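Morning, everyone. I have one structure to walk you through today. Please look at the screen.

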Amino acid sequence: MPWQAFVYGGLAAMTAEAITFPIDMSKTRLQIQGQVADARLTTLKYRGMFHTLVTVGRTEGVMSLFTGAKFALLRQGTYGTIRLGIYYSIKDRWERNNTGLKMPLPHLVLLGGTAGVIGSYVTTPTDVMRVRMQASHHPKSPPLMRSFISIFKTEGMRGVYRGAIPNAQRAAVVNGVQIPTYDVMKRNLIAAGFEDNKRTHFGSSLFAGFLGSCFSQPIDVAKTRMMNQKLLNDPNVKIYKGVVDTMLNTARHEGVPALWKGFVPTFCRLGPWNVLFFMSLEQFRVLDNTLNNRTTSVF
């Protein structure tokens, strides 16, 4: 099992996350507003991604755009390591045991989805803290352990793992779509005569990000709303019961298009995120090959 897939996967994920984090913050703010089930968030304060970024920067300070970044980097460092390590390790072993064959697309989708579920479940607590901080109006995020202890004391382990199911479902969809799409599209472009270069990597990763955004957005909206809700004795706050309940309530009270709230910032983040992630991963492959005098990557 090549360790490079784990290490470089985590490093590439952290690189992409650090650069695109403000866009993710705007997506979170857009997704949680307008909820009939939560009286605190019924007002439509933001009109779009750019309006959200400008409004938050002007009213709360520029650093508020990076609120919760440390939780996100910790999550990506762990999540990226797990999902990419599992995916490429198993894929590499399968193709080594089946000389001359490439793993079929259905296998890749299942493998990507499974790796995503495992990684997302492990890192759900950091994702909960990230969403809570992005939804708040505090420019400075508290220390990691203090945030964890605070949620655990008031809400228990259910609070720490709130939204774990939609988080895993989204991860299954995203990873089941994005990683195989990138691999298959890159493979087909090279087979069609394109060179294995940055242009091919760019096109493949951008298309993978678009498909991932389309398929995952309704689950992402449900995940964000479930993670942001709190167990409080507040009659104005109706706790969502689950993914399906959240999606049905959202569609019923706000219309079906509300399930794709924040799609523009999602793609504006996921598209560049994917490009940065896969192109960083490819450069780490080149670096690893150079350092070890190899002509082909081990993952």
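First, a term. Accessible area here comes from the Shrake-Rupley method, with a 1.4 Å probe. Keep that in mind, and remember that this is a predicted model.

So, the surface. The accessible surface of this protein comes to about 13,900 Å². Carbon and sulfur atoms hold 66% of that area.

Now the fold. How many helices and how many strands does the protein have? Nine helices, zero strands. Read along the sequence, the pattern is α-α-α-α-α-α-α-α-α.

Next, overall shape. The C-alpha atoms fill a box of roughly 60 × 40 × 35 Å along the principal axes.

What about the inside? Of the 299 residues, 55% count as buried. Buried means under 20% relative accessible area. Now take contacts with a separation of 6 or more: 77% of them come from residues 24 or more positions apart.

On to charge. There are 35 positive and 17 negative side chains. The centres of the two sets lie 5 Å apart.

Find residues 164-191. That is 28 residues, spanning 39 Å from the first C-alpha to the last. After H6 comes glycine 193, and its phi is positive, near 115°.

That's it from me.

Notes:
Residues numbered from 1 in each chain as written. Predicted model: local features only at pLDDT ≥ 70, side-chain atom pairs only at ≥ 80, totals over all residues. Heavy atoms only, no water. Helix = DSSP H or I, 4+ residues; strand = E, 2+ residues; numbered from the N terminus. Buried < 20%, exposed > 50% of the residue type's maximum accessible area, 1.4 Å probe, protein only. Contact = heavy atoms within 4.5 Å. Lys, Arg positive; Asp, Glu negative; His and termini not counted. Charge placed at Lys NZ, Arg CZ, Asp CG, Glu CD. Expected span 1.5 Å × (residues − 1).
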